Amino acid sequence: MSIKQYESYKVNELGHLTIGGIDTVDLAKHYDTPLYVYDVTRIRQNARIFKDALKTLGVRGQIAYASKAFSTIAMLQIIKQEGLSLDVVSTGELYTAIRAGFPKEKIHLHGNNKTREEFSMAVEEDIGCVVLDNFHDITLLENELGDTQHMDVLMRVTPGVASHTHQYIMTGHEDSKFGFDLFNGQADEAFTRLVSHSNIHLKGLHCHLGSQLTDSSSYTQASARLFKKIRQWHEETGYEPKVMNFGGGFGIQYTDQDPLVRYEEMIASLINDVRGRVKALDIPFPEIWLEPGRAIVGNAGLTLYSVGAIKHLPNIRTYVSVDGGMTDNIRPALYNADYHGVVANKAAKKTSSTVSIAGKCCESGDMLIDELTVPETEPGDILAVYSTGAYGFSMANNYNRFPKPAVVFVEEGRDQLVVRRESLDDIIKNDLSYE
Ligand SMILES: Cc1ncc(COP(=O)(O)O)c(C=O)c1O
C-alpha cells in the first residue's frame with residue numbers, strides 16, 4: 001500500500017483544512033503559530049507499510065526508524081508501540097530514546113565522528129548495535145569495552161553509488177565523509193581487524209545511499225557492490241553476514257511534481273536482488289535491516305503559520321510573509337527543497353494568484369515556497385505547509401532568537417501537545433552575565 005501525499009488532509013464544512021479530522025484553524029488559535037502538527041494515524045500507517053513489506057516477503061529483519069528525522073519522547077513512544085527499532089546518532093538522540101522507554105536492544109548507534117561519550121553511553125546502556133564508520137570508531141569502541149563486554153556491530157561502507165538526489169543528501173558515493181571505502185582497501189583492513197575480534201561481533205554490513213530516493217535502482221546497485229565484497233571475504237575466510245542493512249533514503253512526495261513512491265515495490269526489488277546473490281554464494285539469507293526516517297514522518301506532519309506582511313511587486317512577484325521560516329524549516333534554504341501548501345482558513349476558496357511564501361528571518365534566502373497559488377490572502381490568514389514532518393523540527397534553530405514552535409499530535413479526533421513552545425526565558429536560559 002502506498003499513501004498519496006495529501007490523502008489525510010480534508011476540507012470541512014467551514015472550508016477549513018483538517019488534519020486527522022481536526023480543524024487546523026482551531027489548532028492555530030488554540031496553540032498559536034508557528035505550529036508543527038502530526039497525524040499519528042499516518043505515522044502508524046507509514047511504519048506498518050515497511051514492517052508489512054518485510055513480512056509479506058517472508059524476510060526476517062528490522063525496520064529501524066532514523067530518529068534524526070524527528071525525535072521527541074512522544075514520537076519514540078509511537079515508534080516503540082509500532083514495534084520498530086531505532087537509529088540514533090548522538091547522546092541526545094540516545095538519551096531521548098532511553099527517556100521514552102525505548103527497548104535498548106533495538107537501538108543502533110550511528111555517526112561519522114562518534115565521541116568517547118557516545119561510545120561510553122552505548123556500552124553502559126548495552127544498546128543493540130553500533131554501526132562502525134571508520135578506524136577511529138573501532139579504536140574508541142575497543143577502549144570502551146571492558147574485557148568481558150561485547151558489542152554487536154555493523155560496518156558502514158561507502159559502496160560508490162551516486163544516487164540521483166541533492167549533493168547534500170547524497171552519501172553512498174566515493175567522495176563521502178561516511179563509512180569505509182569498499183574498494184580501496186579500507187573495508188578489507190577494517191574487516192580483518194573486526195572479523196575475529198574477541199569483544200566486537202561483526203554482524204554484517206551497512207550502507208546508506210542518500211535521501212529522497214524514489215526507485216530501487218540505487219539499492220540494487222549497492223547490493224551488487226556489497227555482495228561482490230562479501231563474495232571475496234566469504235572465499236577468503238568463510239564469512240557469512242548475519243545482517244545486511246541498506247539504510248534509509250526512501251523518498252516522499254513533497255509536491256505534485258514528485259512521483260508517488262511505492263516502498264513495498266522498492267523493498268521487493270531489493271530483496272529479490274539479495275535473494276539472487278545469496279543463492280549464488282550459497283550462504284544463509286541474512287536479516288535485512290532498513291532505516292527509513294523521512295518516509296515514516298515526512299508526510300505525517302504539516303506546519304501552520306500566520307500570514308503577516310504582504311508585499312506586491314508588480315510584474316515581479318508578491319511576497320507573503322509568515323511568522324516562521326528557516327528557523328523551523330531550513331530545508332528550502334539549505335538545499336532548495338520544494339514544498340506545497342494551502343491557506344488553511346480558505347481551503348475551499350478558488351485560487352486567484354501565485355505568490356512566494358517568505359520566512360521572517362533576516363536572510364533573503366529565507367523563502368519557504370517559491371510559487372504557491374492562493375486565494376485572495378490577507379494578514380491573519382493561516383498558511384499550512386504540507387509534508388514538513390521530517391527534518392523540520394529536528395533541524396530547527398534559534399536564529400534571530402526566535403523561540404522554537406510547539407508540536408501537537410492529532411489522532412482519532414483528539415489533539416495533544418507533545419512539545420511545548422519555547423518561551424523567551426528558554427531563549428536566554430543558558431546565557432550568563434559578563435561581570
Ligand atoms: C545512516 C542513515 N540512515 C538513515 C537515514 C534516514 O534517511 P531518510 O530520512 O532519508 O530515510 C539517514 C539520513 O541521513 C542516515 O544517515
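The protein chain is divided into domain 1 (9–39 + 298–427) and domain 2 (110–292), with bounds that come from an automatic or database domain assignment. This is a predicted model, in which local features need pLDDT of at least 70 and side-chain atom pairs count only at pLDDT 80 or more, while totals for chains, interfaces and linings use all residues. Residues are numbered from 1 along each chain as its sequence is written, and side-chain values use heavy atoms, with hydrogens and water left out.

- The C-alpha centres of domain 1 and domain 2 lie 36 Å apart, and the contact (heavy atoms within 4.5 Å) takes 9 residues from domain 1 and 7 residues from domain 2.
- Between them, domain 1 and domain 2 bury about 780 Å², 62% of it on carbon and sulfur atoms, where buried area is the accessible area (1.4 Å probe) that two parts lose on being put together, summed over both.

**Ligand surroundings**
- The ligand is surrounded by 16 residues, each with a heavy atom within 4 Å of it, and the closest are Ser211, Gly249, Glu291, Arg294 and Tyr391.
- An oxygen atom of the ligand is 2.6 Å from an N or O atom in the side chain of serine 211, and an oxygen atom of the ligand is 2.9 Å from a polar backbone atom of glycine 293.
- Of the 400 Å² of accessible area that the ligand has on its own, the protein covers 91%, with areas from the Shrake-Rupley method and a 1.4 Å probe.

Note on methods: A polar contact is a pair of N or O atoms within 3.5 Å; within protein, one must be able to donate a hydrogen and the other to accept it, and residues adjacent in sequence count only if both atoms are side-chain atoms.
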